[in-house]
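Let us read a protein model together, feature by feature.

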Amino acid sequence: MATNDFVPVIAAVVGGMLTILGGLAASFMILRSSRKSEKRAVFRSGLEKMYMICTSLQNDIDYSTFKAAQLAEVQKEEMNALRLVHRPTREINNTATFCGKLSFLTFSYFPKLEPSIVSLDIAINKFKYAEYLYYLEANRTNMKPSSEQYNSLQLPAKTVIDECRKVRTQIEKEIKRFI
């Protein structure tokens, strides 16, 4: 009879221990899955930011080439009135800010995209230099730039836009991988 009295106690203790172990295991699994989903959300957010930055960079380059085209079309008298010779510093700062953010996100989260970002950064620097020479010549001569000068700005701009498209395509592939 004594063993029959301990069977319910042993069953209760074993059941309690199994319940505690099950609760701990479930908590651990839930915590692990939530950490994994949070990590994926952070990476996806980074990819989306990179995509938006590439789009903004492309728009900035398009705007810059539009302003350069506008400058090439105006006459000397109109140039002084419109003050298109000087590129607003806001645009230069935006491009630098975009490049910095893009580089930071790439090097922090997505190192395999680094070669593409480096080539994009090189293309942007070449465009900025060509644009600087373009506006410098317009300022120096105080005349509208020649068509050769305008065309010399088009190749770096096209290169930047192509590099932006390449990077955006790679980012799209990474986003699809995360979905």
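The dialogue below goes from the overall fold to single side chains.

Q: What kind of model is this?
A: It is a predicted model.

Q: How many helices and strands does the chain have?
A: There are 5 helices and 0 strands. Along the sequence the pattern reads α-α-α-α-α.

Q: What share of the 179 residues is buried?
A: Buried residues account for 32% of the chain.

Q: Among contacts between residues at least 6 apart in sequence, what percentage joins residues at least 24 apart?
A: The figure is 82%.

Q: How is a pair of aromatic rings described?
A: Two values are used: the distance of the centres and the angle of the planes. Now the case here. A search of the whole structure finds 1 aromatic pair. Its partners are Phe43 and Phe110.

Q: Where do Phe43 and Phe110 lie?
A: Phe43 is in helix α1, residues 2–73. Phe110 is in the loop between α3 (89–109) and α4 (114–141). The pair therefore ties together parts that are 67 residues apart in sequence.

Q: Is Phe110 buried or exposed?
A: Phe110 is buried, because its relative accessible area is 6% and the cut-off for buried is under 20%.

Q: How accessible are Arg44 and Glu48?
A: Arg44 is partly exposed at 30% relative accessibility. Glu48 is partly exposed too, at 36%.

Q: Which residue forms a salt bridge with Lys158 at 3.0 Å?
A: The partner is Asp162. Both lie in helix α5, residues 147–178. Their spacing is 4 residues, about one turn of the helix. Asp162 is partly exposed, with a relative accessible area of 31%.

Q: What is the distance between the closest N and O atoms of Glu163 and Lys166?
A: In this salt bridge they are 3.3 Å apart. The two residues are 3 apart in helix α5, so about one helical turn separates them.

Q: How accessible are Glu163 and Lys166?
A: Glu163 counts as buried, at 12% relative accessibility. Lys166 counts as partly exposed, at 47%.

Q: What does Glu163 touch, leaving out residues up to four places away in sequence?
A: Glu163 touches Ser116, Ser119, Leu120 and Ala123. Ser116, Leu120 and Ala123 are among the buried residues of α4.

Q: Which other residues of α4 are buried?
A: Others include Ile117, Ile124, Phe127, Ala130 and Glu131. Tyr134, Tyr135 and Ala138 are buried as well.

Q: How far does α4 reach from its first C-alpha to its last?
A: The 28 residues of α4 reach 41 Å. That is close to the 40 Å expected at 1.5 Å a residue.

Q: Is Ile175 buried or exposed?
A: Ile175 lies in helix α5. At 15% relative accessibility, Ile175 counts as buried.

Q: What separates the C-alpha atoms of Ile175 and Arg44?
A: They are 6.4 Å apart, though 131 residues separate the two along the chain. Leaving out residues up to four places away in sequence, Ile175 touches Arg44, Leu47 and Glu48. Arg44 and Glu48 are also the partners of the 2.9 Å salt bridge.

Q: Which residues form a nonpolar patch on the surface?
A: The patch contains Phe6, Ile10, Val14, Leu18, Ile20, Leu21 and Leu24. Together they have about 740 Å² of accessible area. Ile20 sits in helix α1. Ile20 counts as exposed, at 55% relative accessibility.

Notes. Residues are numbered from 1 along each chain as its sequence is written. This is a predicted model: local features need pLDDT of at least 70, side-chain atom pairs count only at pLDDT 80 or more; totals for chains, interfaces and linings use all residues. Side-chain values use heavy atoms; hydrogens and water are left out. Buried means under 20% relative accessible area, exposed over 50%, partly exposed in between (1.4 Å probe, protein chains only). Contact means heavy atoms within 4.5 Å. Rings of Phe, Tyr and Trp (its six-membered ring) pair if their centres lie within 6.5 Å; planes under 30 degrees apart count as stacked, over 60 as edge-to-face and the rest as tilted. A salt bridge is a side-chain nitrogen of Lys or Arg within 4 Å of a carboxyl oxygen of Asp or Glu. Patches are made of residues with over 30% relative accessible area and no salt bridge: like charges are joined within 9 Å, nonpolar side chains (Val, Leu, Ile, Met, Phe, Trp, Tyr) within 5 Å. Accessible areas come from the Shrake-Rupley method with a 1.4 Å probe; for residues, only the protein chains shown count as cover. The expected span of a helix is 1.5 Å times one less than its number of residues.
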